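Biologist: Before I use the terms for this fold, I would like to hear what each one rests on. Please take me through them.

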Amino acid sequence: MRSGLRYRGRTAAGPLHAAPKVMRCIALLLCLALAPLANAYTPEDGDIVFHTSTSSQSAAVQAATGSRYSHMGMVLLREGRPYVLEAVQPVRYTPLQAWLQRGLEGRYVIKRTTTPLGPADKQRLHAAAAPYIGRPYDLTFEWSDQRIYCSELVWKLYRDAAGIELAPLARLDSFNLQTPAVRSKLRERYGNRIPLAEPVISPAAIFDSPLLMTVAQH
């Protein structure tokens with residue numbers, strides 16, 4: 001900071017000299033905030049992460065499914081580092097810590113299969129994930145592989161790589177489609193042609209799966 005700057009009539013070397021100490025305190029608090037994740041949770045291939053997205057469609061997803069969490073992805077280790085494979089625009093890998101912090105208020109839940117995945121299952125997850133990288137996000141939630149949404153990606157990877165169907169599929173018309181937020185998104189995405197019979201898998205269905213257990217949360 002330039003010596004000519006003054007703070008209430010005194011040079012910056014006075015009260016503002018404490019700034020480095022403040023920054024050290026902030027850094028320490030951040031380290032403490034992240035410490036529980038580092039100490040209590042060891043990421044594994046196939047872990048499933050949930051948070052509340054800050055996207056424009058999050059409120060509609062929550063209202064339709066009755067779930068607090070509106071976005072999800074899968075942890076995969078790359079060169080020993082944890083990433084989240086997520087269906088956004090486009091499907092991509094995001095560093096785990098950045099993904100967790102991106103959710104609303106930094107809240108998240110991490111789940112894992114109650115029956116541990118074997119090494120071969122984990123290898124197949126990596127192989128099954130590769131073709132999806134770069135594919136566009138599916139705004140209309142169609143049950144196809146050309147475009148894909150978050151819970152669909154995780155569900156299909158588990159089915160294809162490990163033979164596990166994490167939760168039953170549902171029809172679009174089985175969700176609560178009557179709230180203003182949901183009706184607005186339906187009009188925006190479908191107009192008057194809403195595919196009510198379309199198979200759908202929601203983050204809430206996977207979150208509630210009896211095949212999963214919680215291994216970390218904040």
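Predicted model: local features only at pLDDT ≥ 70, side-chain atom pairs only at ≥ 80, totals over all residues.

Biologist: What makes strands E3 and E7 a pair?

Modeller: A pair needs at least two bridges. Three bridges join E3 (residues 48-51) to E7 (residues 109-113), so the two strands count as paired, and they run antiparallel.

Biologist: In what order do the six strands of the open sheet lie?

Modeller: The order is E6-E5-E4-E3-E7-E10, with antiparallel pairing. On average, neighbouring strands are turned by 35° against each other, direction ignored.

Biologist: Why do strands E6 and E10 stand at the edges?

Modeller: E6 (92-95) and E10 (212-217) each have a single partner strand, so one side of each is left without a neighbour in the sheet.

Biologist: Which strands does helix H4 lie across, and which does helix H5 lie across?

Modeller: H4 (residues 119-129) lies across E4 (71-78), E5 (81-86) and E6, at about 115° to E4. H5 (residues 150-162) lies across E3, E4, E5 and E7, and its angle to E4 is about 50°.

Biologist: What share of the 218 residues is called buried, and by what cut-off?

Modeller: The share is 39%. A residue is called buried because its relative accessible area is under 20%.

Notes
Residues numbered from 1 in each chain as written. Heavy atoms only, no water. Helix = DSSP H or I, 4+ residues; strand = E, 2+ residues; numbered from the N terminus. Axes fitted to C-alpha atoms, helices over the stretch in contact; angles between N-to-C directions. Contact = heavy atoms within 4.5 Å. Buried < 20%, exposed > 50% of the residue type's maximum accessible area, 1.4 Å probe, protein only.
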